[in-house]
Amino acid sequence: MSNINLAVLIVPGFLVAFGLFWSVVIFLVSRLGGWARLARQYPAAGPATGDTRHWRSATFGLLCNYRTCLNLTLSQTGLHMVPVLVFRIGHDPILIPWNAIADARRRNLLLATGLQIDVKDKASGGVRKITFYGKSLVEDLEAHIR
């Protein structure tokens, strides 16, 4: 087999393998970080309408960072969250009603301002912690929550 024929097989094989690996990792992140659980409890029925912020960051719990990969919409009904296209595997859109936020507190980090919200977990009776980053986003979230 010539080197050209081998390259013709390796390149598509690598792309397929990488795509499968990426899909599995993103799917596992949605399950381990709590996104999937929140999406089951607070599903978004359709496209969001309101003040949309693209490429925003958030942390679910302690382990799952969604750094500059979330599109957030602040509407009258609540906070709509959906990752950008390449991160959507296993990440159904979420619409958290404003009254489902049990608490919100500002967190001043070294180089960023954050807002940690406690979202009521209907299944366990506890809360899920989500921290959003960016001063303007934090101020707008506070205005809607309070």
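How many of the 8 residues of strand E6 are buried? Let's take that strand, then the cysteines.

A word on the model. It is a predicted one, where local features need pLDDT of at least 70, side-chain atom pairs count only at pLDDT 80 or more, and totals for chains, interfaces and linings use all residues. Residues are numbered from 1 along each chain as its sequence is written, and side-chain values use heavy atoms, leaving out hydrogens and water.

Now E6, residues 113-120. Strands here are DSSP runs of at least two residues (E), numbered from the N terminus. The answer is 7 of the 8, so E6 is largely enclosed by the rest of the structure. Buried means under 20% relative accessible area, with a 1.4 Å probe and protein chains only.

E6 has two partners to look at. Strands pair if DSSP finds at least two bridges between them. Strand E5, residues 101-108, runs antiparallel to E6, with 7 bridges. Ala104 has Ile117 in E6 as its bridge partner. The hairpin between E5 and E6 passes through 4 residues.

On to strand E7, residues 127-133. E7 also pairs with E6 over 7 bridges, in the antiparallel sense. Gln116 is partnered by Thr131 in E7. This hairpin has 6 residues between the strands, and Gly125 takes a positive phi near 85°.

Last, the cysteines. How many disulfides does a search of the whole structure find? It finds 0, a disulfide being a pair of cysteine sulfur atoms within 2.5 Å. For Cys64, the nearest cysteine sulfur is that of Cys69, 11 Å away. Cys64 is buried, at 10% relative accessible area. Cys69 is buried too, at 5%.

Definitions and conventions: Buried means under 20% relative accessible area, exposed over 50%, partly exposed in between (1.4 Å probe, protein chains only).
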